[in-house]
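Me: I'm new to this one and would like to go through its charged side chains. Could you show me the structure before we start?
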Amino acid sequence: MSGDDRPVSLPFAPERLDAAITRPGRLGISVKLGEPSPALRRRIISHYLASLGLDPTDQVYFQALDRKGVLGCHIYSILHQVSVEMKLGAPSYVALQQACESYFDVSNINWSVLGKGTVGF
C-alpha cells in the first residue's frame with residue numbers, strides 16, 4: 001500500500017467491530033449506507049436479473065424482493081443462487097423461495113399467489 005491507500009471496511013454490524021479498528025486514525029471516513037429506496041431497489045433487482053440471465057420482466061422477483069429490509073447485497077446473493085439452482089434444473093419459484101429463506105422471513109409471502117401468471121411458473 002502506498003501512503004494514499006486507505007483500508008475499506010464494509011461491515012453489516014459496525015457496532016460489532018473491534019474498538020482497536022474504530023478508534024480515531026484507523027478508518028478515516030465513516031459512511032453509513034441505509035436501505036435502498038423502493039425505486040433504487042427495483043433498479044438493483046432489474047440490473048441483477050439481466051446480468052444473471054434471468055428474465056428482467058418477470059414480476060415475481062420484484063414481488064418477492066422489493067420489500068423493506070432487503071439490501072442490495074442480499075438481492076444479488078439471492079438472485080445468483082436462483083440462477084445456479086435453475087441451471088441445475090430447479091423450477092424458478094422453488095429456487096427463489098429457498099434463496100429468500102436464507103436472508104429474510106418469508107412466512108408472510110404467499111408463494112402460490114406470486115407464481116400465477118408470471119414467467120417461469
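Reply: Arg-41, Arg-42 and Asp-66 are linked in a network of salt bridges, a salt bridge being a side-chain nitrogen of Lys or Arg within 4 Å of a carboxyl oxygen of Asp or Glu. The model is predicted, so local features need pLDDT of at least 70 and side-chain atom pairs count only at pLDDT 80 or more, while totals for chains, interfaces and linings use all residues. Residues are numbered from 1 along each chain as its sequence is written, and side-chain values use heavy atoms, with hydrogens and water left out.

Me: How many salt bridges turn up in the whole structure?
Reply: The search finds two. Arg-41 pairs with Asp-66, with the closest N and O atoms 3.2 Å apart. Arg-41 lies in helix α2 (residues 38-51) and Asp-66 in the loop between α3 (59-65) and α4 (72-87), so this pair ties together parts that are 25 residues apart in sequence; helices here are DSSP runs of H or I, at least four residues, numbered from the N terminus.

Me: And how far apart are the closest N and O atoms of Arg-42 and Asp-66?
Reply: They are 3.3 Å apart in that salt bridge.

Me: Switching topic, is Arg-41 buried or exposed?
Reply: Arg-41 counts as buried, at 4% relative accessibility, where buried means under 20% relative accessible area, exposed over 50% and partly exposed in between, with a 1.4 Å probe and protein chains only.

Me: What about Asp-66?
Reply: Asp-66 counts as partly exposed, at 23% relative accessibility.

Conventions. Helices (H or I, at least four residues) and strands (E, at least two) are DSSP runs, numbered from the N terminus.
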